[in-house]
Amino acid sequence: MSLVELKNVFQDYSDGNDVIHALKKTNLSINAGEFVAIIGPSGSGKSTLLTIMGGLQKPSGGSVTLNKKSFSRASPKRRTELRFQEIGFILQASNLVPYLTVEKQLKLIDKVAKKPFNIKKADALLGSLGILSLKNKYPSDLSGGERQRASIARALYSNPSLILADEPTASLDTSRAFEVVQILAEETKKLNKATVMVTHDERLLSYCDKVYVINDGVLTDRTKQYLNK
Ligand SMILES: Nc1ncnc2c1ncn2[C@@H]1O[C@H](COP(=O)(O)OP(=O)(O)OP(=O)(O)O)[C@@H](O)[C@H]1O
Ligand SMILES: [Mg+2]
C-alpha cells in the first residue's frame, strides 16, 4: 500500500470573476523509500500540489491520504496534528528559527510535543549529516549548505513518514546543491521515508526514483524520459 495517495485531487482559486484551475484532477501514489521529483515552470502548480500533500491547505476536491489517514476530510486541528506527526518540511530559504542554535531547533520539536529531549538521537542525526560540530551555532553563522543540512536534520528529527522539499537547493552553489540532494536521497532510502522535491534543476534528477512534470496544473509521469526507467 502506498504511503501517500491522491485521488481526483484538484484546486481552484477564485480571482475576481475568474477561476484559476491551479491543479487539475490529479491521481498520484508514492511509496515509502521513494524519492520523487516534481518539475515545471513558474505558476504551473508545484507549490499548490506540495501544500495539499502536506495538509497546509485542503483541496477544492478529491481525497488525500497519508499512511491511511485522511487529510482531506480532517478538521484543521487534526490536519495540524497529522502534519506534525507525519511530515517534515524543507523550504527554499531554510526555515530555521534565527535565534536558536542548531541543537535547540531540534529541542524545540520535543518541547512542542511535550517530550524529553533525546540528545543521543539528535547527535546521531547531526553526525550523519556532518554538522555535529556546528550544533551550538546559530543559523546566521552557517553557510547556505550547512543551513540546509540543519533544515534536513530538523525535518528528519521528528521521524516523519513524508518529507516535502520545495526548492531545497535554490540558495546553494552547484556542489552544495548536489551534496544536499544526495543526503536527501540517502536518508530516504536508509530510513524508508518518502520524499517529494520540487526543483528547477534538471541535473539533480539523477538522484530521484521518479520524475513528474507539471504544466498548467496537469501532472504527468516523465520518469522514462528523464531517468530511462
Ligand atoms: N492563494 C492563491 N490565490 C489565488 N491564486 C493562487 C494562489 N496560490 C497560487 N495561485 C495561482 O495558482 C497557480 C499555481 O501556483 P503555484 O504557487 O502552485 O505555482 P508554482 O508552480 O509553485 O510556481 P513557482 O515555480 O513560481 O513557485 C498560479 O497561477 C498562481 O498564480
Ligand atoms: Mg512554488
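In which hand, left or right, does α3 pass α5? The crossing of α3 past α5 is right-handed. This is a predicted model.

**Shell around ligand 1**
- The shell around ligand 1 includes Tyr13, Asp15, Ile20 and Ala22.
- Gly40, Ser42, Gly43, Ser44 and Gly45 are also among the residues around ligand 1.
- Lys46, Ser47 and Thr48 complete the list.
- The largest share, three residues, comes from α1.
- By class, the shell has three nonpolar, seven polar and two charged residues.

**Helix α1**
- Six of the eight residues of α1 are buried, so the helix is largely enclosed by the rest of the structure.
- The buried residues of α1 are Lys46, Thr48, Leu49, Leu50, Ile52 and Met53.
- Lys46 and Thr48 also belong to the shell around ligand 1.
- Glycine 55 follows α1 and has a positive phi, near 70°.

**α3 against α5**
- Helix α3 spans residues 102-112, and helix α5 spans residues 144-157.
- Their axes lie 10 Å apart, and the packing angle is about 20°.
- That angle makes α3 roughly parallel to α5, because it falls under 35 degrees.
- On the α3 side, the contact is formed by Val102, Gln105, Leu106 and Ile109.
- On the α5 side, it is formed by Ala150, Ala153, Arg154 and Tyr157.
- The contact of α3 with α5 divides into six nonpolar residues, one polar and one charged.

**α5 against α6**
- Helix α6 covers residues 174-190.
- The axes of α5 and α6 come within 9 Å and cross at roughly 15°.
- α5 is therefore roughly parallel to α6.
- The crossing of α5 and α6 is right-handed.
- α5 contributes Gly144, Gly145, Gln148, Arg149, Ile152 and Leu156 to the contact.
- α6 contributes Arg176, Glu179, Val180, Ile183, Leu184 and Glu187.
- Five nonpolar, three polar and four charged residues make up the contact of α5 with α6.

**Valine 9 in β1**
- Valine 9 lies in strand β1.
- It counts as buried because it has 24 C-beta neighbours inside 10 Å, and the cut-off for burial is 20 or more.
- Beyond its neighbours within four places in sequence, valine 9 is in contact with Leu23, Thr26, Ile52, Pro59, Gly62 and Val64.
- Valine 9 and serine 151 are 142 residues apart along the chain, and their C-alpha atoms are separated by 29 Å.

**Positive phi in two loops**
- Asparagine 67 is not a glycine, yet its phi is positive, about 55°.
- Asparagine 67 sits in the loop between β4 (61-66) and β5 (69-70).
- With 17 other C-beta atoms within 10 Å, asparagine 67 is partly exposed.
- Aspartate 216 is not a glycine either, and its phi is positive, about 45°.
- The loop between β9 (210-215) and β10 (218-221) holds aspartate 216.
- Aspartate 216 has 13 other C-beta atoms within 10 Å and is therefore partly exposed.

Methods:
Residues numbered from 1 in each chain as written. Chains lettered and ligands numbered in written order. Predicted model: local features only at pLDDT ≥ 70, side-chain atom pairs only at ≥ 80, totals over all residues. Near = placed C-beta within 6 Å. Helix = DSSP H or I, 4+ residues; strand = E, 2+ residues; numbered from the N terminus. Nonpolar A, V, L, I, M, F, W, Y, C, P; charged D, E, K, R; others polar. Axes fitted to C-alpha atoms, helices over the stretch in contact; angles between N-to-C directions. Parallel < 35°, antiparallel > 145°, perpendicular 65-115°, else oblique. Left-handed = near helix turned anticlockwise from the far one by under 90°. Contact = placed C-beta atoms within 7 Å. Buried ≥ 20, exposed ≤ 12 C-beta atoms within 10 Å, placed from the backbone.
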